[in-house]
Structures are given as structure tokens and as C-alpha cells.
Amino acid sequence: QVQLVESGGGLVQAGGSLRLSCAASGQTSTSYTIAWFRQPPGKERQFVAATSWSGGATWHAESTKDRFTVSRANDKNIVYLQMHSLKPEDTAVYYCAADVLHSSTWPGNQYHYTYWGQGTQVTVSS
């Protein structure tokens, strides 16, 4: 099993930046795909970005790909979501998730993931 803990959320003004972190521990594997999802208030959870454990493959949602970037720290079990030019509509609880995905599987479906963090709140004020 793997445990995931998100951090880095907070309150930021529109146009600002935040970097979220997802720290993985436990029985981590290089086979895992790590993904970021978010859930705006009153809305369904939506895919943001994902990375293979090696960082050799990344995926970004069309809605945020111009502003958000997923990456993994070298030699550490930490995955980042760098967010720039934040907008009020980015306000949400952000979650990281992990599971073993086949290379042919699109990582944007939340039901592909077994392991989830507790979430971190991002609030963007106008």
C-alpha cells in the first residue's frame, strides 16, 4: 500500500502561483502513476494532471495545461503540481492519487486510482 499526503494549499490572489506537493510513502513502486485531481465546491472531482513515477510521461487536462505543470522531485517520493496564473475558478480541494496503470490507460479517470491523499484546499480570491 501507499500513503499520500498533500500540502502547499492556501489562499492566493488571482494571478498568483502555488506549488502543491504530494508526498508518497509506504510500499511505493516505480510502476505507479501519480495524478492530481481537484473538486471545486459543489462540483464533481475533475482530473488535473498526472505523471508516471519515472517522470517519463506526463498528462495535463486541457483546461489547465497552459498554467499547471506536474513534475516529480529527483530521488524523492514527491510529486508537484506547479500552478501559475491562478483564477478564482481554480478554487477547489486538490487531491493526489496513485495506482498502477497500464501504459495504454488514460490517467484522467478517478476510478483508476486506489490510493488517495486527504486533499489540500486552494482558494483563489479575486
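Which residues does Arg-67 touch, not counting residues up to four places away in sequence?

1. Arg-67 touches Gln-82, Met-83, His-84, Ser-85, Leu-86, Lys-87 and Asp-90, where contact means heavy atoms within 4.5 Å. The model is predicted: local features need pLDDT of at least 70, side-chain atom pairs count only at pLDDT 80 or more, and totals for chains, interfaces and linings use all residues. Residues are numbered from 1 along each chain as its sequence is written, and side-chain values use heavy atoms, with hydrogens and water left out.

2. Arg-67 sits in the loop between β6 (58–60) and β7 (68–72); strands are DSSP runs of E, at least two residues, numbered from the N terminus. With 13% relative accessibility, Arg-67 counts as buried, that is, under 20% relative accessible area with a 1.4 Å probe and protein chains only.

3. The side chain of Arg-67 reaches the backbone oxygen of Ser-85 at 3.1 Å. Ser-85 belongs to the loop between β8 (78–83) and β9 (92–100). Its relative accessible area is 41%, so Ser-85 is partly exposed, a class between buried and exposed, the latter being over 50%. Ser-85 is not a glycine, yet has a positive phi of about 50 degrees.

4. Thr-120 is part of strand β11 (residues 120–125). Thr-120 is buried because its relative accessibility is 11%. A polar atom of the Thr-120 side chain lies 3.2 Å from the backbone nitrogen of Gly-9.

5. Leaving aside neighbours within four places in sequence, Thr-120 is in contact with Glu-6, Ser-7, Gly-8, Gly-9, Leu-20, Ala-92, Val-93 and Tyr-94.

Methods
Helix = DSSP H or I, 4+ residues; strand = E, 2+ residues; numbered from the N terminus. Polar contact = N/O pair within 3.5 Å; in protein donor to acceptor, adjacent residues only side chain to side chain.
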